[in-house]
Amino acid sequence: MAHLSYLAVLAFCLVGTLWLEVLLRTRVLTRLRRLLLAVVPVAMLFICWDLYAINARHWTFDPDLVTGIVFPGGIPLDEVLFFLVIPLAAILTLEAVRAVQRWQVGDEPDEEIVDGVRIQGDRR
Amino acid sequence: MTYTQLAVVGVVVAVLADLVLFRTGLLRRRVFWVSYAIVVVFQLLTNGVLTGFGIVRYEGAAILGSTTPADGPPPFIGDGRLAFAPVEDLLFGFALVVLTLVLWVFLGRRGVQRTPYSGPPRRWLAGAARSEPATGDPSSTPGGEGHG
């Protein structure tokens with residue numbers, strides 16, 4: 001079970017943010033193309049960073065506390081998942097704050113913004 | 001390069017991406033900083049677990065602090081650590097989060113699944129949340145959920 005420690009932390013992050021999708025209607029998972037186009041390139045960039053760091057021995061992983069599945073270059077599956085879960089959580093958080101406050105994020109057309117708040121024009 | 005140096009570069013790249021490259025201007029927006037504050041709290045918590053339990057261990061030569069001890073946790077605060085994690089992790093996390101959100105917003109602005117927008121919160125959660133229909137509609141019910 002100790003091998004699942006890192007995954008357990010990631011699961012906690014997912015549990016802590018996926019409820020936003022349901023209860024605050026963040027609609028992030030339903031906008032899958034946008035989600036993947038945002039998350040995958042950044043994940044790839046940070047996986048490169050991670051590969052460099054692992055090979056330069058900036059950091060290492062306790063082999064007893066990770067799954068043991070390692071990709072070429074030495075990056076554990078756990079780390080790859082980290083770069084998918086954390087960005088997802090960040091986007092869910094941003095969209096959750098927006099769902100509650102309707103503050104301007106920057107992807108709204110100008111005419112939908114009044115005093116920094118998106119007017120309730122959800123009927124696009 | 002050390003982790004410290006790379007982490008600083010990461011922050012610079014993220015800031016440039018937001019302000020110059022993609023021009024999303026997220027760092028100027030209240031919604032970003034409120035979201036980031038929430039993310040940081042969870043980062044300190046989860047990263048604290050990852051580093052405090054030695055799941056991830058750091059080499060002193062690469063960070064401001066010392067090498068993660070072989071026996072026992074690193075310092076909670078001090079010696080280049082905050083909540084057990086190297087302070088560089090805060091910069092790393094900032095870069096990761098900002099770059100992701102910049103891309104997300106940029107894509108939306110380009111029309112990639114910009115809509116439907118998020119919200120409003122479901123009725124029983126609404127409480128003090130601003131989920132009412134547009135103002136100026138006196139016949140609307142409070143905490144309106146009708147946008148489906």
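The largest cavity holds about 60 Å³ of space, in what is a predicted model where local features need pLDDT of at least 70, side-chain atom pairs count only at pLDDT 80 or more, and totals for chains, interfaces and linings use all residues. Residues are numbered from 1 along each chain as its sequence is written, chains are lettered from A and ligands numbered from 1 in the order written, and side-chain values use heavy atoms, without hydrogens or water.

A cavity here is a set of points, on a 1 Å grid over the protein atoms alone, where a 1.4 Å probe fits but cannot get out; lining residues have an atom within 4 Å of a point. Points join across faces, edges and corners, and the volume is the space filled by probe spheres set on them. Two cavities of 30 Å³ or more turn up.

Now select the lining of the largest one: Gln43(B), Leu44(B), Asn47(B), Gly48(B), Leu82(B), Ala83(B), Ala85(B), Pro86(B), Val87(B), Asp89(B) and Leu90(B). Colour by element, and α2 (30–52), β4 (85–86) and α3 (88–109) of chain B each give two or more residues. Elements are DSSP runs numbered from the N terminus: helices are H or I, at least four residues, and strands E, at least two. α2(B) gives the most, with four residues.

Next, show the strands of chain B: an open sheet of three, ordered β2-β3-β4, with antiparallel pairing. Strands pair if DSSP finds at least two bridges between them. β2 (77–78) and β4 of chain B are the edges, each with a single partner strand, so one side of each has no neighbour in the sheet. Finally, zoom in on Gly78(B), whose bridge partner in β3(B) is Arg81(B).

Technical notes
On a 1 Å grid over the protein atoms alone, a cavity is a set of points where a 1.4 Å probe fits but cannot get out, and a pocket is an open set with protein on both sides within 12 Å along at least five of seven lines; lining residues have an atom within 4 Å of a point.
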